[in-house]
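Have the model open as you read.

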Amino acid sequence: MVLHAGSGNKNAFKALIVAEYSGVNVDLAKDFQMGVSNKTPQFLKMNPIGKVPVLETPEGPVFESNAIARYIARLKADNPLCGSSLIEYAHIEQWIDFSATEVDANIGKWLYPRLGFSTYVAVSEEAYVAALKRALGALDTHLASNTYLVGNSVTLADIVMSCNLYLGFTQIMTKSFTSEFPHVERYFWTMVNQPNIKKFMGDVKQAESVPLVQKRNAAPKVKKAKEVKKEDTKPKPVEKAEEEEEAPKPKPKNPLDLLPPSKMILDEWKKLYSNTKTNFREVAIKGFWDMYDPEAYSLWFCD
């Protein structure tokens, strides 16, 4: 089987590590180039939206990293990575979902705007960091009395969680940040030093600083070619200068357009309001007052 992804992709790590634990042969596609290889017609037949990783199997392609990891694990009968009972299997799935929606998602929402992949909004970042701390706090509580997420050995849930934490630990979660979660720290360093994991991740080093906010690269402006006017070869008759046409009357302006521009961008408040799931008063309401521009807007309280 062939895995189409870059060698340093944390989502590719999931498949490769599960394959290593399961004794399944999975090879990385040779000379894979992100942005090139995943745009070819052959790749788009396997995943129409061009995302990686994609696993090419004799039965057809599989995309989405967690689905790929599950598929590889299931190739081995009675694989201990999948648990030894129905309840263990349910708990493994539980932590895989938690890792994706609570840990990985919030790490990405904190990291990617700083790298310039999406718009950076400071008040939104506060909400994402708060949500990540809440998730890591819950994980830390669980790991206070558990070496692994489920049972007494490495499972699929641990592999997925470790790969998702890898992005945070190496890119943005500094020691001063993770020190609030000592059991998560112990768990992560234990996992990445497992031989089957270290084989792919190598020597992991924690981020020393939070990346500075990068400006998004604007799309290059396409200059329009100047039209070359053909000169009229016919001699122009001498005519009396015509009067200039009367300029069209300007349309009446909306009175609101006459107001000075406001520093408060309502769309940013809407995004913050919609994305705040916890600590609403501390995040969303505080964000409103931080953005509020009393020179442009007025507040009315009605009974």
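Student: What conventions apply here?
Tutor: This is a predicted model: local features need pLDDT of at least 70, side-chain atom pairs count only at pLDDT 80 or more, and totals for chains, interfaces and linings use all residues. Residues are numbered from 1 along each chain as its sequence is written, and side-chain values use heavy atoms, leaving out hydrogens and water.

Student: How many salt bridges does the rule give?
Tutor: The rule asks for a side-chain nitrogen of Lys or Arg within 4 Å of a carboxyl oxygen of Asp or Glu. K199 and E20 form one of them, at 3.1 Å from N to O. K199 lies in helix α9 and E20 in helix α1, so the pair ties together parts 179 residues apart in sequence; helices are DSSP runs (H or I, at least four residues), numbered from the N terminus. The count is seven.

Student: Is E93 buried or exposed?
Tutor: E93 meets R70 in a salt bridge, 2.9 Å from N to O. Buried means under 20% relative accessible area, exposed over 50%, partly exposed in between (1.4 Å probe, protein chains only). R70, at 26%, is partly exposed. E93 has 17% relative accessibility, so the label is buried.

Student: Which residue forms a salt bridge with K133?
Tutor: K133 lies in helix α5, and its partner in the loop between α7 and α8, so the pair ties together parts 47 residues apart in sequence. The closest N and O atoms are 3.5 Å apart, and the partner is E180.

Conventions:
Helices (H or I, at least four residues) and strands (E, at least two) are DSSP runs, numbered from the N terminus.
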